[in-house]
Amino acid sequence: MEFEIEVPSQFLCPISMQPMKDPVTISTGITYDRESIERWLFTSKKTTCPVTKQPLSGSDLIPNHTVRRLIQSWCTVNSHYGFDLIPTTPKKPVVKSQIIKLINDAKRHPQNQIKCLRRLKSIAQVNDRGKMCIEDSGLFEFLIMVISNEKETGFVTEVCEEALTILHRLQFTDFMLQKIAMDNVFRLLKSLLHVMRTGTMQSRSHAVALLRSVIKVTDPALIAGVKPELFDQMVRILKDHVSLQTIKTALELVVEIVTCGRNRVKAAESGMVFVLIDLLIGTSDRRACELMLVALEQICRCAEGRAKLVEHAAGLAVVSKKILRVSNVGSDRAVRILGLICRFSASCGVLHEMVEVGVVSKLCLMIQIDFCERTKERVKQILILHSRVWKDASCVPAHLLSSYPSL
């Protein structure tokens with residue numbers, strides 16, 4: 001016969017409604033589990049008591065030893081019902097002075113940098129309070145300095161890899177990222193490119209993620225000046241299939257920077273178009289496919305990009321195949337790509353290939369189905385543009401040609 005034991009309400013955290021493992025009291029006198037109240041205060045940035053809604057006079061969390069002992073006694077009595085004992089001593093909170101001391105030690109004694117960074121890494125993954133202290137301690141600037149000072153000789157140092165790992169685990173505000181973007185974005189970019197060239201798979205992934213965050217808040221005028229090597233390294237990342245998440249982050253980065261200045265040409269000359277088409281062939285992830293099609297559409301806005309797409313043996317066929325198979329966003333971008341080819345790169349060979357590989361049939365099908373009217377209007381314009389070549393094509397099924405738009 002099974003018995004359900006009710007946990008006393010005073011042992012439950014008011015936020016999580018679970019038994020408290022590390023009870024702490026805030027300035028309003030209410031006791032919470034440390035993990036829950038730290039998330040409330042330091043991640044959600046709340047300044048009031050969750051229960052009373054009163055403003056807090058401070059963020060100090062005082063261990064409630066009385067409640068802790070009561071919970072321990074109750075767990076001991078009910079241990080045969082599966083209740084585990086909570087730790088006998090409260091978790092020691094992370095303090096800012098501790099982090100600053102580690103940073104200063106690493107600056108004064110370079111030989112201790114790796115040891116200090118490992119300690120900082122362990123703090124970074126402790127809890128939300130630890131992360132908050134880290135953000136306010138100047139660690140972000142220190143880590144960026146460590147990465148920016150990486151010398152482009154040999155492989156990436158262990159110090160640089162540890163710094164990247166810590167940055168990857170922390171979430172920093174746009175304000176902090178903007179400060180780095182304004183101060184030394186090109187110096188940081190140079191170091192991150194070195195990591196992408198010679199680092200481990202993990203450090204390369206972290207470098208892409210950091211660069212994506214910084215570029216997001218960087219002045220477009222500065223982004224226009226990035227060197228072609230950035231696109232070369234993005235191509236390497238995409239080819240190496242580091243991980244699906246890294247691929248998507250790299251694609252987001254490409255989409256962010258490709259529209260600035262002559263970056264479309266740089267992307268086309270790096271071999272990006274061929275890589276994106278090859279990835280589209282074997283990728284089923286919706287978001288990844290959408291990003292690939294968005295990137296391709298942007299690169300095809302330059303003549304070099306369009307030339308690369310039609311040069312690829314499967315280029316037109318793959319883009320057409322993704323219509324109606326990814327999402328509305330994916331279909332719209334694929335239609336835009338085909339529209340760019342038809343308007344600016346429509347040689348006789350290209351037009352006949354579009355019939356043979358099924359592009360025209362797919363476009364005719366889109367007119368017949370219920371779909372976004374704006375996208376369907378683009379399709380009609382493409383079909384009308386080359387109606388003299390396509391309208392009587394023998395390769396297109398009759399039931400599809402019946403919907404061919406007239407001038």
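## Close-up views of a predicted protein chain

Figure 1. The chain has 407 residues, and 50% of them count as buried. How much of the contact in the chain links residues 24 or more positions apart? Among contacts with a separation of 6 or more, such pairs account for 66%.

**Figure 2. The largest nonpolar core, with Met272 and Leu309.** This core holds 108 residues, and Met272 and Leu309 are the ones that touch the most other members. Helix H8, residues 174-198, supplies the largest share of this core, with 10 residues. Another core, of 19 residues, lies apart from it; Leu12, Tyr32, Cys49 and Ile71 are among its members.

**Figure 3. A closer look around Met272.** Which residues does Met272 contact, once its neighbours within four places in sequence are set aside? They are Phe231, Met234, Val235, Leu238, Val254, Ala267 and Ile299. Some of these names return in the next view: Phe231, Met234 and Leu238 belong to helix H11, and Val254 to helix H12.

**Figure 4. Helices H11 and H12, packed against each other.** Two packed helices are described by the angle between their axes and the distance between the axes. Here, H11 (residues 228-240) and H12 (residues 244-257) pack at about 155°, and their axes are 10 Å apart. The crossing of H11 past H12 is left-handed. On the H11 side, Leu230, Phe231, Met234, Ile237 and Leu238 take part, and they meet Thr246, Ile247, Ala250, Leu251, Leu253, Val254 and Ile257 of H12. Sorted by kind, the residues of this contact are 11 nonpolar, one polar and no charged.

**Figure 5. Helices H16 and H18, a crossing at roughly 100°.** The axes of H16 (residues 303-311) and H18 (residues 328-344) come within 11 Å of each other and cross at roughly 100°. H16 is therefore roughly perpendicular to H18. From H16, Arg306, Leu309 and Val310 make the contact, together with Ile337, Leu340, Ile341 and Phe344 from H18. Six of the contact residues are nonpolar, none is polar and one is charged. You have already met Leu309, in the view of the largest nonpolar core.

Figure 6. Most residues other than glycine have a negative phi. Lys53 has a phi near 65°, a positive value in a residue that is not glycine. Where is Lys53 found? Lys53 sits in the loop between helix H1 (34-43) and strand E3 (62-63). His241, also not a glycine, has a positive phi of about 50°, and this residue lies in the loop between H11 and H12. Are these residues buried or exposed? Lys53 counts as exposed because its relative accessibility is 56%, and His241 counts as exposed at 51%.

Figure 7. Gly199 is found in the loop between H8 and helix H9 (201-215). With a relative accessibility of 18%, Gly199 counts as buried. The C-alpha atom of Gly199 is 8.5 Å from that of Thr157, although these two residues are 42 residues apart along the chain. Leaving out residues up to four places away in sequence, Gly199 touches Val156, His194 and Arg204.

Notes
Residues are numbered from 1 along each chain as its sequence is written. This is a predicted model: local features need pLDDT of at least 70, side-chain atom pairs count only at pLDDT 80 or more; totals for chains, interfaces and linings use all residues. Side-chain values use heavy atoms; hydrogens and water are left out. A nonpolar core is a set of buried Ala, Val, Leu, Ile, Met, Phe, Trp, Tyr and Cys residues joined through side-chain atoms within 4.5 Å. Buried means under 20% relative accessible area, exposed over 50%, partly exposed in between (1.4 Å probe, protein chains only). Helices (H or I, at least four residues) and strands (E, at least two) are DSSP runs, numbered from the N terminus. Contact means heavy atoms within 4.5 Å. Axes are lines fitted to C-alpha atoms, for helices over the stretch in contact, and angles run from 0 to 180 degrees between N-to-C directions. A crossing is left-handed if the near helix is turned anticlockwise from the far one by less than a right angle, and right-handed if clockwise. Ala, Val, Leu, Ile, Met, Phe, Trp, Tyr, Cys and Pro count as nonpolar, Asp, Glu, Lys and Arg as charged, and the others, Gly among them, as polar. Angles under 35 degrees count as roughly parallel, over 145 as roughly antiparallel, 65 to 115 as roughly perpendicular and the rest as oblique.
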